[in-house]
Amino acid sequence: NEGDMDDSGGQQDNEDGAPPQPAEASGEDNLEEAKEVEDATASQAQQQLKPPKAKKAKKKKTQISFEQYESISNAIATYLRSRELEGEGQGEGSEESTYMTWGEMVEWYLEQCEATIGDSLEELDNMRKLTNLVLRRLVKVDHVLVVIGDSDIPELERKLAVHPNYVVGA
């Protein structure tokens with residue numbers, strides 16, 4: 001029979017002598033195209049029925065140099081570690097004076113930068129935001145600082161300490 005398989009595993013020509021046609025050319029391709037057109041028009045109709053979403057304002061990414069980040073983080077870690085070491089010398093029950101809150105840490109750093117900030121309120125605000133971002137990264141990403149006590153309290157009231165395994169100035 002001409003439509004049967006030959007010994008090599010390939011298919012022979014059809015009865016009319018034409019080679020067998022692939023499945024796509026036999027009309028299935030047209031069905032697929034029709035379905036794609038239907039899907040496209042249906043999705044367009046759905047988009048038109050939905051109320052337009054308010055476009056989210058893109059967050060402005062703050063970028064600083066590594067040197068600037070390193071400067072802020074080393075100043076904070078060094079100061080916190082020195083306070084911890086002073087607190088150890090005072091004995092038990094001095095936790096209140098040993099650890100600083102997030103807000104106190106920001107204020108301390110801004111006081112250190114007072115000469116570079118000058119009288120500009122805009123520069124002060126930018127430096128405050130930058131210091132908060134660096135502190136957040138030191139706690140959440142780099143794990144240089146740890147939160148002492150309950151982390152459910154507001155961020156500015158959290159007590160911070162240098163991670164015990166972190167070597168300051170290394």
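This is a predicted model: local features need pLDDT of at least 70, side-chain atom pairs count only at pLDDT 80 or more; totals for chains, interfaces and linings use all residues.
Biologist: How many of the contacts with a separation of 6 or more come from residues 24 or more positions apart?

Modeller: The protein chain has 170 residues, and 22% of them count as buried. Among contacts with a separation of 6 or more, the share from residues 24 or more positions apart is 50%.

Biologist: Which residues touch the most other members of the largest nonpolar core?

Modeller: That core holds 24 residues. In soluble globular proteins, nonpolar side chains tend to be buried together. The members touching the most others are Ile76, Leu80, Leu135 and Leu145.

Biologist: Which residues does Leu135 touch, not counting those up to four places away in sequence?

Modeller: Leu135 is one of the core members with the most contacts to other members. Leu135 also belongs to the H6 side of the contact between H4 and H6. Leaving out residues up to four places away in sequence, Leu135 touches Ile76, Trp102, Met105, Val106, Leu145 and Leu160.

Biologist: Why do H4 and H6 count as oblique to each other?

Modeller: Their axes lie 10 Å apart. Angles of 65 to 115 degrees count as roughly perpendicular, and those over 145 as roughly antiparallel. H4 and H6 are therefore oblique, as they pack at an angle of about 130°.

Biologist: How many nonpolar, polar and charged residues make the contact of H4 with H6?

Modeller: H4 passes H6 in a right-handed crossing. H4 brings Trp102, Met105, Val106, Glu107, Tyr109 and Leu110. H6 brings Leu124, Met127, Arg128, Thr131, Asn132, Leu135, Arg136 and Val139. By class, the contact has nine nonpolar, two polar and three charged residues.

Biologist: Does Tyr79 count as buried, partly exposed or exposed?

Modeller: Tyr79 sits in helix H2. Buried means under 20% relative accessible area, and exposed means over 50%. The relative accessibility of Tyr79 is 23%, so Tyr79 counts as partly exposed.

Biologist: What separates the C-alpha atoms of Tyr79 and Val162?

Modeller: Tyr79 touches Met100, Met105 and Trp108, not counting residues up to four places away in sequence. Val162 is 83 residues from Tyr79 along the chain. The C-alpha separation of Tyr79 and Val162 is 9.5 Å.

Note on methods:
Residues are numbered from 1 along each chain as its sequence is written. Side-chain values use heavy atoms; hydrogens and water are left out. A nonpolar core is a set of buried Ala, Val, Leu, Ile, Met, Phe, Trp, Tyr and Cys residues joined through side-chain atoms within 4.5 Å. Buried means under 20% relative accessible area, exposed over 50%, partly exposed in between (1.4 Å probe, protein chains only). Contact means heavy atoms within 4.5 Å. Axes are lines fitted to C-alpha atoms, for helices over the stretch in contact, and angles run from 0 to 180 degrees between N-to-C directions. Helices (H or I, at least four residues) and strands (E, at least two) are DSSP runs, numbered from the N terminus. Angles under 35 degrees count as roughly parallel, over 145 as roughly antiparallel, 65 to 115 as roughly perpendicular and the rest as oblique. A crossing is left-handed if the near helix is turned anticlockwise from the far one by less than a right angle, and right-handed if clockwise. Ala, Val, Leu, Ile, Met, Phe, Trp, Tyr, Cys and Pro count as nonpolar, Asp, Glu, Lys and Arg as charged, and the others, Gly among them, as polar.
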